[in-house]
Amino acid sequence: MDKRRLGRTGHMSSIVIMGTAAFWDIGQEEANAALDLALKHGVNHIDVAPQYGQAEERTGPWLESRRQQFFLGCKTLERQRDAAWSELHRSFEKLRTNQFDLYQLHAVGNFDELDAAFAPGGAMEALIEAKEKGLTRFLGITGHGLDTPRVHAEALRRYDFDTVMFPIHPGLYADPQYRRDTHNLLELCLDRDVGVMIIKSVTKGAWGDRQKAYNTWYEPWDKATQIELGVRFALSQPGVTGIPSAGDVRLLPMVLDAAERWTPMDTPEQEALIEQAGELEPLFPR
């Protein structure tokens, strides 16, 4: 599998990052099998968060003996300094490590969330202290929603984050404002050498009233040809390092296979996908 430099971190990350949101409610053997498969395909980067159900509990036992083989990124949804500090240490315990490569403010998709994290006594104080004390090597920010690219651009003005993580797929680019804001953020990241990770790359749209067939909170594409298009689209955007795999282990083999076959997507093919996606139910209605 191809590897790309994750911005100024210097880490050559696999273009698929193991997304442990897929471990929300599965057993240890199933999680081990998914991690074994990812390792076999050359994945060297793991994304985890306390909010992903049993992800930390499932990842820790498998990772403990392989810690040096992986770039490990974790997150906090807490917005207060003390709560974020406590969560950081709970994550260390569950993941059986004493240092993260990357620790991120999680799900910062609007300006109220950003302001809360940066307020006196806010979570940013914990993140900065963690980096100063060597508990994490790098700091990042993640987010969902239509305002996320603008919010992350502002976050980079307030603090020199090492990475960002946010959604890109053709359906989102069918929203002209989101597409403009994303282009602006990607340019800023390139200029500052900020690592970029893209979530929701295989999104079809919102579930709406339909019964969920997968553990993902969005409806994913679930055919190999469709997944390949989503993977190619996301990885063809400027400055993107990689994509966390989808939040259901049943989709992982197809995401890995698509990444190993990855070829750049030219502009006409991208525009055709965006036009088609404009007819689907959007993930984030404006």
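1. The buried residues of helix 8 are covered by, among others, helix 6 (148-158), strand 8 (163-167), helix 7 (170-173) and strand 9 (195-199), where contact means heavy atoms within 4.5 Å and buried means under 20% relative accessible area, exposed over 50% and partly exposed in between (1.4 Å probe, protein chains only). Helices (H or I, at least four residues) and strands (E, at least two) are DSSP runs, numbered from the N terminus.

2. This is a predicted model, in which local features need pLDDT of at least 70 and side-chain atom pairs count only at pLDDT 80 or more, while totals for chains, interfaces and linings use all residues. Residues are numbered from 1 along each chain as its sequence is written, and side-chain values use heavy atoms, with hydrogens and water left out.

3. The buried residues of helix 8 are Tyr178, Asp181, Thr182, Leu185, Leu186, Leu188 and Cys189. They cover an arc of only 160° around the axis (taken from the directions from the helix axis to the C-beta atoms), which puts them on the same side of helix 8. On the other side of helix 8, Glu187, Leu190 and Asp191 are exposed. An α-helix has 3.6 residues a turn, so residues three or four places apart point the same way.

4. At the start of helix 8, which comprises residues 176-192, a side-chain oxygen of Asp175 comes within 3.1 Å of the backbone nitrogen of Gln177. Just after helix 8, Asp193 takes a positive phi of about 60°.

5. One salt bridge (a side-chain nitrogen of Lys or Arg within 4 Å of a carboxyl oxygen of Asp or Glu) joins Asp181 to Arg150, with the closest N and O atoms 3.6 Å apart. Asp181 lies in helix 8 and Arg150 in helix 6, so the pair ties together parts that are 31 residues apart in sequence. Asp181 is buried at 7% relative accessibility, whereas Arg150 is partly exposed at 36%.

6. By the salt-bridge rule, the count comes to 26. Arg137 and Asp101 form one of these, their closest N and O atoms being 2.8 Å apart. Because Arg137 lies in strand 7 (residues 136-142) and Asp101 in strand 6 (residues 100-105), the pair ties together parts that are 36 residues apart in sequence. Arg137 is partly exposed, at 37% relative accessibility, and Asp101 is buried, at 7%.

7. A further salt bridge brings together the side chains of Glu228 and Arg261 (3.0 Å, N to O). Separately, Arg8, Lys131, Asp160 and Asp162 are linked in a network of salt bridges.

Note on methods: The expected span of a helix is 1.5 Å times one less than its number of residues. A polar contact is a pair of N or O atoms within 3.5 Å; within protein, one must be able to donate a hydrogen and the other to accept it, and residues adjacent in sequence count only if both atoms are side-chain atoms.
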